[in-house]
Amino acid sequence: MRILVSMLVIFTILPAKAGAQGIVNTEAMLTNASDIFKFDVSINGNLSIGNIKLYQGGAQLVTGLRKHRHLYRVLLGYDYLRSDEVVNSSDVFSQIRYNYYLSKHSLFAFYQVQNTRSLKLKSRQLLGSGIRFRLFEDGTNYLDTAPGILFEDEFYNLPPNSAITASGNRTLRATSNL
């Protein structure tokens, strides 16, 4: 138990550097022990014609399977936005996630792939794993922390005359989410 508390202090309270990362959140799906299978599909669209022509659309598929202490989830999505003849966004993302439950805590691993045209992100791959600790629960609310490791491999579409010379980033880091 002392090792777990020490890991919690090292990864949560004493971070060497703060930062933000866009990781698709699927933690709320199938957290109820009575849920066994979930499958959701959503499709949306919008067309506005006036001073500008605006086309907006997207689709998302979320599925998950819970079997005993094992939880498997897959999330796929696409978002599109075009105003007049300019494509502002054409974003694709997917995530595969696995959890193994240990009482109120869980081990997790995930793999995520995405591109985000609006951020000039050509591709991003994230591979991570860790352990999620339940710190507080009162029946309807809870607070978790999740120390772990994350490998990030991302590349950007930069203009030829860009002052930024690095078009990619490969990083292995220790992380902690609260």
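Student: Which residues make up the largest nonpolar core?

Tutor: A nonpolar core is a set of buried Ala, Val, Leu, Ile, Met, Phe, Trp, Tyr and Cys residues joined through side-chain atoms within 4.5 Å. Here the largest one has 5 residues in all: Phe108, Phe110, Leu126, Ala146 and Leu150. Strands β5 (105-116) and β7 each supply at least two residues of this core. Please note that the model is predicted, with local features needing pLDDT of at least 70 and side-chain atom pairs pLDDT 80 or more, while totals for chains, interfaces and linings use all residues. Residues are numbered from 1 along each chain as its sequence is written, and side-chain values use heavy atoms, with hydrogens and water left out.

Student: Which residues does Ala146 touch?

Tutor: A contact means heavy atoms within 4.5 Å. Leaving aside residues up to four places away in sequence, Ala146 touches Phe108, Ile131, Arg132, Thr175, Ser176 and Asn177. For the chain, take the contacts with a separation of 6 or more: 47% of them join residues 24 or more positions apart.

Student: How many helices and strands does the chain have?

Tutor: Helices (H or I, at least four residues) and strands (E, at least two) are DSSP runs, numbered from the N terminus. This chain has 1 helix and 8 strands, in the order α-β-β-β-β-β-β-β-β from the N terminus on.

Student: How many salt bridges are there?

Tutor: A salt bridge is a side-chain nitrogen of Lys or Arg within 4 Å of a carboxyl oxygen of Asp or Glu. By this rule the count comes to 9. One of them joins Asp144 to Arg132, with the closest N and O atoms 3.8 Å apart. Asp144 lies in strand β7 (residues 142-156) and Arg132 in strand β6 (residues 121-137), so this pair ties together parts 12 residues apart in sequence.

Student: Are Asp144 and Arg132 buried or exposed?

Tutor: A residue is buried at under 20% relative accessible area, exposed at over 50%, and partly exposed in between (1.4 Å probe, protein chains only). Both Asp144 and Arg132 are buried; for Asp144 the relative accessibility is 7%. Of the 178 residues of the chain, 26% count as buried.

Student: What does Glu152 pair with?

Tutor: Glu152 forms a salt bridge with Arg173, the closest N and O atoms being 2.4 Å apart. Because Arg173 lies in strand β8 (residues 168-177) and Glu152 in strand β7, the pair ties together parts 21 residues apart in sequence. Glu152 is buried at 2% relative accessibility, whereas Arg173 is partly exposed at 29%.

Student: Where does the largest share of the nonpolar patch come from?

Tutor: Patches are made of residues with over 30% relative accessible area and no salt bridge, like charges being joined within 9 Å and nonpolar side chains (Val, Leu, Ile, Met, Phe, Trp, Tyr) within 5 Å. Accessible areas come from the Shrake-Rupley method with a 1.4 Å probe; for residues, only the protein chains shown count as cover. The patch here covers about 770 Å² and is made by Ile36, Phe37, Phe39, Val41, Ile43, Leu65 and Tyr72. Strand β1 (residues 37-49) gives the largest share, 4 residues. Phe37, found in strand β1, counts as exposed at 55% relative accessibility. The chain exposes about 11900 Å², of which carbon and sulfur atoms supply 59%.
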